[in-house]
Amino acid sequence: MENVKVELEFFKENEFACPCCGLVGTTERTMLAVDQLRAMVGFAISISSATRCPSHNQIVGGSKYSDHLSTNIFGCTGLDIFCVDSIQRFKIISAAISLGFKKIGIYESHVHLSLPLSRNDGIVYYGIYKK
């Protein structure tokens with residue numbers, strides 16, 4: 001998947017890049033939706049993970065079907081937003097649902113969001129890191 005060029009108000013394209021190779025495989029639709037989410041919540045948010053190449057996904061222990069993968073047939077539709085505050089987490093999740101995010105994972109340190117192109121649409125789950 002080639003790098004996408006899209007104009008965003010709150011984010012830079014490199015914030016969606018794989019940390020090991022710099023590939024930006026995040027779909028334009030996902031980038032625009034998270035930019036709108038930032039406007040809706042009214043506070044700065046930080047993307048902790050977006051595009052992952054297969055090698056980086058393996059290093060971090062990601063699923064072989066991860067929404068973060070650049071090789072996903074739909075492109076990267078998932079991203080993680082750093083969040084440890086319950087009030088901010090509620091605002092992020094509420095805005096995400098209104099913007100059409102259909103897969104929401106709640107972790108101790110972040111919220112995972114994915115648009116409805118993935119195979120598990122309409123779910124909220126509590127995520128636990130495997131050690």
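**Buried charges and the core**

Modeller: Start with D67. At 2% relative accessibility, D67 counts as buried. Keep in mind that this is a predicted model.

Colleague: What does D67 form a salt bridge with?

Modeller: K103. The closest N and O atoms of D67 and K103 are 3.0 Å apart. D67 sits in the loop between α2 and β2 and K103 in strand β3, residues 103-106, so the pair ties together parts that are 36 residues apart in sequence.

Colleague: And K103, buried or exposed?

Modeller: Buried. K103 has a relative accessible area of 9%.

Colleague: How many salt bridges does a search of the whole structure find?

Modeller: Two. Besides D67 with K103, there is R52 with D80, where the closest N and O atoms are 3.8 Å apart. R52 is in the loop between β1 and α2 (54-59), while D80 is in strand β2, so this bridge links parts 28 residues apart in sequence.

Colleague: Are R52 and D80 buried or exposed?

Modeller: Both are buried. For D80 the relative accessible area is 5%.

Colleague: What is D80 in contact with, leaving aside neighbours within four places in sequence?

Modeller: S46, I47, S48 and S49, then R52 and H68, then H110, V111 and H112. There's also a distance to check on screen. D80 and G105 are 25 residues apart in sequence, and their C-alpha atoms are 8.8 Å apart.

Colleague: Let's zoom out. How many helices and strands are there?

Modeller: Three helices and five strands. From the N terminus, the order is α-β-α-β-α-β-β-β.

Colleague: How much of the protein do buried residues make up?

Modeller: 47% of the 131 residues. The accessible surface comes to about 7300 Å², and 55% of that belongs to carbon and sulfur atoms. As for contacts, take those between residues at least 6 apart in sequence: 53% of them join residues at least 24 apart.

Colleague: Now the core. How many residues does the largest nonpolar core have, and which have the most contacts inside it?

Modeller: It has 27 residues. Those with the most contacts inside it are F16, V34, L37, I45, I81, I92 and L113. At least two residues of this core come from each of α1, β2 (78-82), α3 (86-98) and β4 (110-114).

Colleague: Which element gives the most to this core?

Modeller: α1, with five residues.

Colleague: What does L37 touch, not counting residues up to four places away in sequence?

Modeller: I45, I81, I92, A95, A96, L99, F101 and L113.

Colleague: Stay on α1 for a moment. How far does α1 reach from its first C-alpha to its last?

Modeller: 20 Å, over 14 residues. That is close to the 20 Å expected at 1.5 Å a residue. Just after α1, G42 takes a positive phi of about 80 degrees.

Colleague: Which residues of α1 are buried?

Modeller: T30, M31, A33, V34, D35, L37, R38 and V41. The buried residues of α1 pack against β1 (47-49), β2, α3 and β4.

Colleague: R38 is on that list. What's the nearest side chain of opposite charge to R38?

Modeller: E9, and E9 is 7.4 Å away. R38 is buried yet has no salt bridge. The cut-off for a salt bridge is 4 Å between a side-chain nitrogen and a carboxyl oxygen.

Colleague: What is R38 in contact with, then, leaving aside neighbours within four places in sequence?

Modeller: F10, F11, F43, A44 and I45. The I45 contact leads back to the core, where I45 is one of the residues with the most contacts. L37 touches I45 too.

Colleague: One last spot. Where is G100 found?

Modeller: In the loop between α3 and β3. G100 counts as buried, at 18% relative accessibility. The cut-off for buried is under 20%.

Colleague: What does G100 touch, not counting residues up to four places away in sequence?

Modeller: L115 and P116. G100 and L113 are 13 residues apart along the chain, and their C-alpha atoms are separated by 10.0 Å.

Definitions and conventions. Residues numbered from 1 in each chain as written. Predicted model: local features only at pLDDT ≥ 70, side-chain atom pairs only at ≥ 80, totals over all residues. Heavy atoms only, no water. Buried < 20%, exposed > 50% of the residue type's maximum accessible area, 1.4 Å probe, protein only. Lys, Arg positive; Asp, Glu negative; His and termini not counted. Contact = heavy atoms within 4.5 Å. Helix = DSSP H or I, 4+ residues; strand = E, 2+ residues; numbered from the N terminus. Areas by Shrake-Rupley, 256 points an atom, 1.4 Å probe, with all protein chains shown as cover. Core = buried A, V, L, I, M, F, W, Y, C linked by side-chain atoms within 4.5 Å. Expected span 1.5 Å × (residues − 1).
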